[in-house]
Amino acid sequence: FCCMPKLMQKTINSLLKGTSRSFYLTLKALPSKVRSQIGLGYLLARISDTIADSIRGSAIQRLEALEHYNDRIQNRRNTLPSLANLAKLQHNPAEAELLEKAATPVAYLEEFSNTDQQFIRRVLDIIISGQTLDLQRFSNANSNSIVSLNKEEELNDYTYRVAGCVGEFWTQISLNHLFEVHAAKEAQLFENAVLFGKALQLINILRDLPEDLRSGRCYIPSTVLAEHNLKPKDLLRQESMVYFQPIYNSYLKKTVDYFNAAAAYIDMLPYSQFRMRGACTLPVILGLKTVNLLQNQNILNHENRIKVSRPDVKLIMRQTALALPSRKRTQKLISVYRDA
């Protein structure tokens with residue numbers, strides 16, 4: 001963010017540090033030519049995500065704020081919605097600050113080229129459509145009345161809207177600023193990019209399953225559960241894991257398959273794009289490490305919070321840095337975590 005006014009730069013960097021953990025590490029690794037666009041896209045999406053997740057606010061209030069916020073992003077309005085009331089409802093001070101200072105990153109959007117603005121606006125439009133659909137779907141959900149997705153197609157649609165489209169966005173920005181590829185390779189790059197994003201979202205869904213269930217949300221489709229004589233409410237009991245295990249394993253396998261596509265995406269990046277390859281490799285290895293942790297736990301036991309430890313994050317960062325100079329070492333490192 002070196003090209004923006006110093007006060008704006010200070011505000012945005014502070015908001016990024018306060019609202020991200022692993023992504024801030026990824027952001028620092030990105031090439032300078034795309035760091036600002038990707039960082040801003042992330043921050044704008046975090047604002048909409050914080051609006052949508054303000055569970056102490058009414059669903060109607062959040063839906064109206066999301067619509068108004070997106071209208072401002074898409075230049076259909078000249079003003080932002082008032083987020084002061086939602087900011088007061090936040091448990092996390094960093095998220096409260098994010099809503100209070102939302103005008104700064106929104107204003108910075110207009111400092112980019114028209115092409116970059118179009119890319120950022122498009123990905124935000126898709127993400128917010130997913131957040132809006134999610135909020136509408138679960139507006140009346142609670143621990144006594146669990147609402148689940150119905151079909152597998154709904155899960156695929158949701159993971160695309162809130163994450164798969166982000167892979168497309170990264171690739172569009174990269175092709176616009178960093179490198180070019182021929183048409184056939186570009187099509188494959190975008191296909192892998194979508195699966196890359198879906199991998200990161202699916203691992204979050206599996207990891208957060210017990211917490212979501214206690215909020216009345218079930219992202220495992222009811223038709224899939226029914227094939228094993230399960231209902232969403234059954235997943236509130238950790239004893240149900242013996243019946244849920246085949247379903248759980250199938251989604252873990254799908255996640256690994258998606259991460260294989262992410263590894264292929266990294267391998268397709270030009271060797272000269274050292275920093276971009278590093279920025280992409282880190283979340284893949286962290287994701288695969290999370291898969292390893294999930295495989296060894298009863299995810300329905302809500303007391304077990306699955307999270308990669310800080311020492312492991314530091315270790316993975318060092319391993320990634322050492323492997324990057326060689327494509328073979330990078331792919332070998334990914335395979336070590338995939339096959340663990």
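Modeller: The expected span of a helix is 1.5 Å times one less than its number of residues. Keep in mind that this model is predicted.

Colleague: What distance does helix α13 reach from its first C-alpha to its last?

Modeller: Helix α13 covers residues 241-268, which is 28 residues. At 1.5 Å a residue, 40 Å is expected. The distance in the model is close to that, at 39 Å.

Colleague: Where does α13 bend?

Modeller: The bend in α13 is about 30 degrees. The residue at which α13 bends is Ile247.

Colleague: How far apart are the end C-alpha atoms of helix α16?

Modeller: Helix α16 runs over residues 327-338 and has 12 residues. At 1.5 Å a residue, α16 should span 16 Å. The separation of its end C-alpha atoms agrees with this, at 16 Å.

Colleague: Which helices do the buried residues of α16 pack against?

Modeller: The buried residues of α16 include Leu333, Ile334 and Tyr337, and Thr330 and Ser335 are buried in α16 too. These buried residues pack against three helices: α13, α14 (274-295) and α15 (310-323).

Colleague: Which residue has its backbone nitrogen within 3.3 Å of a side-chain oxygen of Ser326?

Modeller: This contact is found at the start of α16. The oxygen belongs to the side chain of Ser326, and the backbone nitrogen belongs to Lys328.

Colleague: Which residues is Leu44 in contact with, leaving aside its neighbours within four places in sequence?

Modeller: Leu44 is one of the core residues that touch the most other members. Leaving aside neighbours within four places in sequence, the contacts of Leu44 are Tyr69, Ile73, Pro105, Val106, Ile120 and Leu124.

Colleague: Is Arg46 buried or exposed?

Modeller: Arg46 is found in helix α3 (residues 32-52). Leaving aside its neighbours within four places in sequence, Arg46 is in contact with Thr19, Ser20, Glu95 and Leu98. The cut-off for buried is under 20% relative accessible area. Arg46 has 16% relative accessibility, so it counts as buried.

Colleague: What is the relative accessibility of Val291?

Modeller: Val291 is placed in helix α14. Leaving aside its neighbours within four places in sequence, Val291 is in contact with Ile203, Leu252, Thr255, Val256 and Phe259. Val291 counts as buried, because its relative accessibility is 2%.

Colleague: How many aromatic pairs does the structure hold, and are the rings of Tyr158 and Tyr219 stacked or tilted?

Modeller: The structure holds 6 aromatic pairs. The ring centres of Tyr158 and Tyr219 are 5.1 Å apart, and their planes are at 25 degrees. Planes under 30 degrees apart count as stacked. The pair of Tyr158 and Tyr219 is therefore stacked.

Colleague: How many residues apart in sequence are the parts that Tyr158 and Tyr219 tie together?

Modeller: Tyr158 lies in helix α9 (residues 152-177), whereas Tyr219 lies in the loop between β2 (217-218) and α12 (222-226). Both Tyr158 and Tyr219 are buried. In sequence, the parts that this pair ties together are apart by 61 residues.

Colleague: About how many helical turns separate Phe244 and Tyr248?

Modeller: Phe244 and Tyr248 form a tilted aromatic pair, 5.9 Å centre to centre with 35 degrees between the planes. Both residues, Phe244 and Tyr248, are buried. Because they are 4 residues apart in helix α13, the separation of Phe244 and Tyr248 is about one helical turn.

Colleague: What is the phi of Asn75?

Modeller: Most residues other than glycine have a negative phi. Asn75 lies in the loop between α4 and α5 (84-88), and it is partly exposed, with a relative accessible area of 45%. The phi of Asn75 is positive, near 65 degrees.

Colleague: Is Asn229 buried or exposed?

Modeller: Asn229 is in the loop between α12 and α13. It has a positive phi of about 55 degrees although it is not a glycine. The cut-off for exposed is over 50% relative accessible area. With a relative accessible area of 72%, Asn229 is exposed.

Notes
Residues numbered from 1 in each chain as written. Predicted model: local features only at pLDDT ≥ 70, side-chain atom pairs only at ≥ 80, totals over all residues. Heavy atoms only, no water. Helix = DSSP H or I, 4+ residues; strand = E, 2+ residues; numbered from the N terminus. Bend = angle between axes of the 7 residues up to and from the residue. Buried < 20%, exposed > 50% of the residue type's maximum accessible area, 1.4 Å probe, protein only. Contact = heavy atoms within 4.5 Å. Polar contact = N/O pair within 3.5 Å; in protein donor to acceptor, adjacent residues only side chain to side chain. Core = buried A, V, L, I, M, F, W, Y, C linked by side-chain atoms within 4.5 Å. Phe/Tyr/Trp six-rings, centres within 6.5 Å; stacked < 30°, edge-to-face > 60°.
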